[in-house]
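Thanks for coming. I will take one structure today and go through it piece by piece.

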Amino acid sequence: MMRHPQVWVGLVLWSIFSQAQAAWTVNMAPGATEVSNKVFDLHMTIFWICVAIGIVVFGAMFWSMIVHRRSTGQVAAKFHESTTVEILWTIVPFLILVAMAIPATKTLIEIYDSTESDVDIQVTGYQWKWHYKYLGQDVEFFSNMATPAEQIHNQATKGEHYLLEVDQPLVLPVGAKVRFLVTAADVIHSWWVPAFAVKRDAIPGFVNEAWTRVEKPGLYRGQCTELCGKDHGFMPIVVEVKSKADYDTWLAERKAEAGKLKELTSKEWTLEELVARGDKVYHTTCVACHQAEGQGLPPMFPALKGSKIATGPKEGHLNIVFHGKPGTSMAAFGKQLSEVDIAAVVTYERNAWGNNKGDMVTPKDVLALKQAESK
Amino acid sequence: MSTLTDDHAHVADDHAHVDHEHAHGPAKGLMRWVLTTNHKDIGTMYLWFSFAMFLLGGSFAMVIRAELFQPGLQIVQPEFFNQMTTMHGLIMVFGAVMPAFVGLANWMIPLMVGAPDMALPRMNNFSFWLLPAAFLLLISTLFSPGGGPNFGWTFYAPLSTTYAPESVTFFIFAIHLMGISSIMGAINVIATILNLRAPGMTLMKMPLFVWTWLITAFLLIAVMPVLAGCVTMMLMDIHFGTSFFSAAGGGDPVLFQHVFWFFGHPEVYIMILPAFGAVSAIIPAFSRKPLFGYTSMVYATASIAFLSFIVWAHHMFVVGIPLVGELFFMYATLLIAVPTGVKVFNWASTMWQGSLSFETPMLFAVAFVILFTIGGFSGLMLAIAPADFQYHDTYFVVAHFHYVLVPGAIFGIFASAYYWLPKWTGHMYDETLGKLHFWLSFIGMNMAFFPMHFVGLAGMPRRIPDYNLQFADFNMVSSIGAFMFGATQIFFLFIVIKCIRGGEPAPAKPWDGAEGLEWSIPSPAPYHTFTTPPEVK
């Protein structure tokens, strides 16, 4: 009875979606690491054990339902207990469970051994993006979702990697043991890449460990899996696994870029340049809460358009962006963005949506604030 | 009353305020319901309240499924979506399932043990009337600035403290009220079962519904205060500057999860044990054969209840608990499969070589056993900690707990309702409509929740308002099934009203295979029953 409507509806849907990629994936994928393959094997073993038990139990029930019906003149038997079978069906399941627990324990011990890593990466969850820091390498960056808002709001065709694409993927070397130190800056997030079978909660104030050794170069996608607020569904993870040589080249390029960013701080900026850069920063970092036209989502996320802070003294404006507002979702961006980007976004907010203040905060102002803080 | 006074002086003292006329009926008008201390009235109010909450919580689920019908954001925005998932969970757990079982307990426990009423009738009235107040408070938050609770029904800190909307304080107070109501209800159940059993009804002669409720009541008393402590710590963190759940002040967000799940895991058994009891009455009745392994059923229930206290961290396999902790909680969780298996095997053996017929209560009861077992299988899979790293917080988990709660708890409640409706109303329900209700629910429910296993294994996280295109097809199937299941429940309302208003008169014992004291009194059950305790041999 239950199968037929599903098949029927399935066929209708199949015809609807035949032009799109019809994906009726019903199972987990084995993944790209030794551990993920072992996890997949555990998953299939326990699945088949369940299927076997199900066939026996449901088989007996369906046999009763078909054969032992009153309508066929069946007279009920009188038996109602048997210590022997009770003992039997306590011990047999217990032994099956012990058999299952042994390989699970072995795999778990392996998963927990994060020693002797080749690369260490600190992964920090923010509302709603990931930050990656290559420990000891002076390379760090944020990874934001790259899917345009038009696709989410059905004003543009959705791409193949809809909601699973980022501006800057995490880059890993193939074959190396990579250790992740997972933490969070605000609420709890969870970093999950199914192909690695790595899922670890990112908890503010605590550091969790996980590791992987990816055997094939390629792009691997995942998502945040712990409800972390409004845009929990919009903070994907993309990992690009490169050959050792390509990885080294990439790392060197990133280090050079970090140097260039420092030079940008000392450059003399014009108002137009800062507003143009701030526009981009705003639309990746601030737009989720304060919205495209600066109207916000009051009362949780206040408007910036015509707000007291964005049209008041620039020191106060810079201060709140830099330090955040404790007890609210407003994070301290002083630790998240470069001096240039903070200056640019503050300047942008003071000159957009009719907040025509005409003044600017320069990267040097931000640097001065930073240095004053560290004294 | 006079006989009772002679035999059970202590009971009569409790009931001294009750009129001493023998055949007095209910009071007239609205005040009957406001002031009633009658277990049948209170049971009825619990059942109607829970059904109203079931429809409300269900309508929130419809909003969720409508948004997930297609990829993209079309109906609601993410912040409202999160309020819907949160309120759906809270209302279904605390508003629909728990009060429905308390309603069944109120109606049936006195009838099953041969007691004139619950042991503490005025407290009974108070525990019910706290619920409408609590839920009014909770639902009102949806209209408050900043919206209602949006942090999931598990309300993990700090999302539910530092980052919560202001209405969280109302949520905390509502949870406190629900907890007080549950604790009082549980005390009442224990007092009734331990003190008011008819002469001759020893503990091991009690119907299993009474046994499972006795154990459930102890679980409630053990864990509801833990939940109260949990939300009180939240309140302190939000308003009084403490840092129980904030690392910045020396606290720990993971502490929240330990405390919450120490409540939360026994809670899932609170929602299923009474259903085990009801099904253990219904399957023998329609198999016309005594329940197989009564004694082992009692011990299995007690073992499940005990184990439910030492498995809570299996909800937290990915928070970074140490290896030894993971192993302990994995092994303990696997162990629960043993007593649960015993119960399923006993039900199947009860049916074996019976003389089966499939009236609506039996259809729901058999579907309960099969589909709950499927939920048990996915639970077994989730218990394997390394595999849980892949399943955790995906739709596989959503599929799992809906399989144990919808065809588990909810089908158990439907089976009970159809089984005892003749006793409650004095009429037989319409069997054809009842069967239609079953089949539509069965198909809709499987269509809604089975594909969730698939999208979960394929990698779709839970609690997201939008998803990648690869999950689109199964999500649409799920939504269609959910709409079907939801609409069918309005049909159930129609069946019940039809049964109350009329229908074939029900005899005292409408089911030829049924056992128990409740069938020894007329249908509908008189307003006062067992004022003289029956003799149990």
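Predicted model: local features only at pLDDT ≥ 70, side-chain atom pairs only at ≥ 80, totals over all residues.

Helix α5 runs over residues 78–113 of chain B, which is 36 residues. From its first C-alpha to its last, α5(B) reaches 50 Å, close to the 52 Å expected at 1.5 Å a residue. Is α5(B) mostly covered or mostly uncovered? It is mostly covered, with 34 of the 36 residues buried. Just after α5(B) comes B:G114, which takes a positive phi of about 75°.

Next, chain B as a whole. Chain B has 17 helices and zero strands. Along the principal axes, the C-alpha atoms of chain B fill a box of roughly 65 × 55 × 45 Å. Of the 537 residues in chain B, 63% are buried. Now take the contacts in chain B between residues at least 6 apart in sequence: 82% of these join residues at least 24 apart.

There is also a record to mention for this chain. In an unreviewed entry, UniProt lists residues 33–537 of chain B as "domain: Cytochrome oxidase subunit I profile". In the model, that span is 68% helix and 0% strand, and its end C-alpha atoms lie 36 Å apart.

On to chain A. Here the secondary structure comes to 10 helices and 10 strands. What is the radius of gyration of chain A, and what would a compact globule of 375 residues have? Chain A has 28 Å, while the compact globule would be near 21 Å. The box filled by the C-alpha atoms of chain A is roughly 95 × 50 × 40 Å along the principal axes. Buried residues are 36% of the 375 in chain A. For contacts in chain A between residues at least 6 apart in sequence, 64% join residues at least 24 apart.

UniProt, again in an unreviewed entry, lists residues 46–66 and 87–105 of chain A under "transmembrane region". The span 46–66 of chain A is 100% helix in the model, with end C-alpha atoms 29 Å apart. The span 87–105 of chain A is also 100% helix, and its ends are 27 Å apart by C-alpha atoms.

One residue of chain A as an example: A:E150, which sits in helix α4, residues 149–152. Why does A:E150 count as exposed? Because it has 11 C-beta neighbours inside 10 Å, and the cut-off for exposed is 12 or fewer. Leaving aside neighbours within four places in sequence, A:E150 is in contact with A:Q155 and A:A156.

Last, how the two chains meet. In total, 90 residues of chain A are in contact with 91 residues of chain B. On the chain A side, the elements that give two or more residues are α1 (3–17), α2 (34–67), α3 (83–111) and β7 (198–202). Which of them gives the most? That is α3(A), with 14 residues. By class, this side of chain A has 52 nonpolar, 26 polar and 12 charged residues.

Note on methods:
Residues numbered from 1 in each chain as written. Chains lettered and ligands numbered in written order. Helix = DSSP H or I, 4+ residues; strand = E, 2+ residues; numbered from the N terminus. Buried ≥ 20, exposed ≤ 12 C-beta atoms within 10 Å, placed from the backbone. Contact = placed C-beta atoms within 7 Å. Nonpolar A, V, L, I, M, F, W, Y, C, P; charged D, E, K, R; others polar. Expected span 1.5 Å × (residues − 1). Rg over C-alpha atoms; globule rule 2.2 N^0.38 Å. UniProt positions renumbered as here; feature names shortened; annotations may be inferred.
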